[in-house]
Amino acid sequence: GIAFFPGDGTTPNEILKHADMAMYRAKEQGRGGVQFFTSGLQEAAYRRLENERDLRQALSNEQLALVYQTQVNPSRQIIGLEALLRWRHPELGLVSPEALLQVAEETGLSLPLGEHVLRMACRDLVAIASWRPVPLAINIGQKQFRQPEFVDRLRAILAETRADPRLLRLEITESTAMENPDQAVAKIQALRDLGVGCSIDDFGTGHSSLAYLQRLPIDTIKIDRSFVTEIIADHGDAPIVEAIISMARHLRLDVIAEGVESREAMDFLLTHGCRQFQGFLFGKPAALDELLDHIRASEHPLLSAVR
């Protein structure tokens, strides 16, 4: 990290502080590099401090909320739900999930955020199950899954909230599972021993080894929405989706297609053997109360899917 006198500071402390900022930026870009200090680095540092303050306040002031998107079968009966995180910022309004996760990663708050989401989802799962038992999927981040004590912390949350582990589905990305496949196999098996199911999210975007995929004690793979949303317009995506469905069938895994937004896409998926769907075609994510009101008024009840 490099800072110049007098342009980047007029005292030794200023020069060292700014060189330090540049050094951390160099590390972020990969070790062994060089980074000169710029005013943009200072602005980014201040912005990061503000983001950390805002996110800490959000965690303590209940600004974070979960919404739920339905998963349906060919008859459009609801067979599952996925919990999705939203941040209602008091000044910025609704913050996108991508921006929220970026802030969490930049500020080192991804682990407390992930645990907070698990606790909220398990509490809601109890409320859902009191009306009708239905599986609830939650996304688990790479750092969270990598924690040595992750299974123990989840066990404690389940005991605290009294949520049924058989109704909980943890979704990890393909890249997370393949980062350390042997460790992933052991951890997913420990989750299964706890009664919790696991699925591979965003399937098709990573670099899975089929040998390891076969070893993973998962029950579901989810076809990434990037393949599904353009499945009719982009003929290159069609054979990929067909291959994923065929592979899942041979491995005796359930497969859910995300991002289903048109009847044409659903018909294509049905034709090739997919029987579980998620997307705007079946409804946008909704708050828990709104979702339960909609389900009660619907002619299609929830289907119990406890294994």
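**Cavities and their linings**

Modeller: Helix 6 gives the most to the lining of the second largest cavity, with four residues. Helices here are DSSP runs of H or I with at least four residues, numbered from the N terminus. This is a predicted model, where local features need pLDDT of at least 70, side-chain atom pairs count only at pLDDT 80 or more, and totals for chains, interfaces and linings use all residues. Residues are numbered from 1 along each chain as its sequence is written, and side-chain values use heavy atoms, with hydrogens and water left out.

Colleague: Which residues line the second largest cavity?

Modeller: Glu115, Leu118, Gln144, Gln147, Phe150, Arg153, Leu154 and Ile157. Helix 4 (110–131) and helix 6 (150–161) are the elements that give two or more residues to this lining. A cavity is a set of points on a 1 Å grid over the protein atoms alone where a 1.4 Å probe fits but cannot get out, and lining residues have an atom within 4 Å of a point.

Colleague: What volume does it have?

Modeller: The second largest cavity has about 50 Å³, counted as the space filled by probe spheres set on the points, with grid points joined across faces, edges and corners.

Colleague: What lines the largest cavity?

Modeller: Phe145, Arg146, Thr176, Glu179, Asn180, Gln183 and Ala184. Helix 5 (142–146), helix 7 (174–179) and helix 8 (181–194) each give two or more residues to that lining.

How values were computed
1 Å grid on protein atoms, 1.4 Å probe; cavity = no way out; pocket = protein on both sides within 12 Å on 5 of 7 lines; lining within 4 Å.
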